[in-house]
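Here are a few notes to go with the structure you're about to open. Have a look at it first, then read on.

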Amino acid sequence: MRTLLALAGALLSVEPVQACDIVKDPRPSWEQMIDEEEIVFVGTVIAVVPAEPADGSRRAVFRVEMPARGDIGTEARAVMDMNSCNRGFSVGDHVIFAGAPFETDDPQPAYMATDTGWDPTVHLDDPPNAEQLAQLDYVNKLAQEHAAREQRNEQDR
């Protein structure tokens, strides 16, 4: 009986595996991760606000400087604090954001940054380092393709 109680106690003390602890093996390249994302843009966090209606989470509000994939306007909101795997952002953060739409009761559309061990979202240095410049070049190429598609869609309407 003591053995069973000790085993049960040991099982309860083991930390649960979070989704962000699971990584792909072999590790994909950064470009491959970006190519899988529904939402990609370069932007700067201009505010951190509570969710509406309040659900205990906050939103990082981005000024979108370079939309590269997805239906993004000039502002985008990223979900924070929903679980231990969410990406955190602070006012002034300049990032390449990569993620997906997130369904909430909030009337404002929201996105969740991917964070599964290896993360395509990049916090940019000022000035960006060589690797970040290469990543910005890749996103710029995606942005040009995105703009060309948007222009074709406008002409088709």
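1. Start with strands E2 and E3. Strand E3 covers residues 75–80, and six bridges tie it to E2 in an antiparallel arrangement. Keep in mind while you look that this is a predicted model.

2. Now the connection. E2 and E3 make a hairpin, with five residues between them. Gly70 sits in the turn and has a positive phi of about 95 degrees.

3. On to charges. How many salt bridges does the structure hold? There are two. As a general point, side chains of opposite charge can pair when their charged atoms come close.

4. One of the salt bridges joins Glu65 and Arg63, with the closest N and O atoms 3.4 Å apart. Are these residues buried, exposed or something in between? Glu65 counts as partly exposed because its relative accessibility is 38%, and Arg63 also counts as partly exposed, at 42%.

5. In the other salt bridge, the side chains of Glu154 and Arg157 meet at 2.7 Å, N to O. Glu154 has a relative accessible area of 52%, so it is exposed. Arg157 is exposed as well, with a relative accessible area of 72%.

Methods. Residues numbered from 1 in each chain as written. Predicted model: local features only at pLDDT ≥ 70, side-chain atom pairs only at ≥ 80, totals over all residues. Heavy atoms only, no water. Pairing = 2+ DSSP bridges. Helix = DSSP H or I, 4+ residues; strand = E, 2+ residues; numbered from the N terminus. Salt bridge = Lys/Arg side-chain N within 4 Å of Asp/Glu carboxyl O. Buried < 20%, exposed > 50% of the residue type's maximum accessible area, 1.4 Å probe, protein only.
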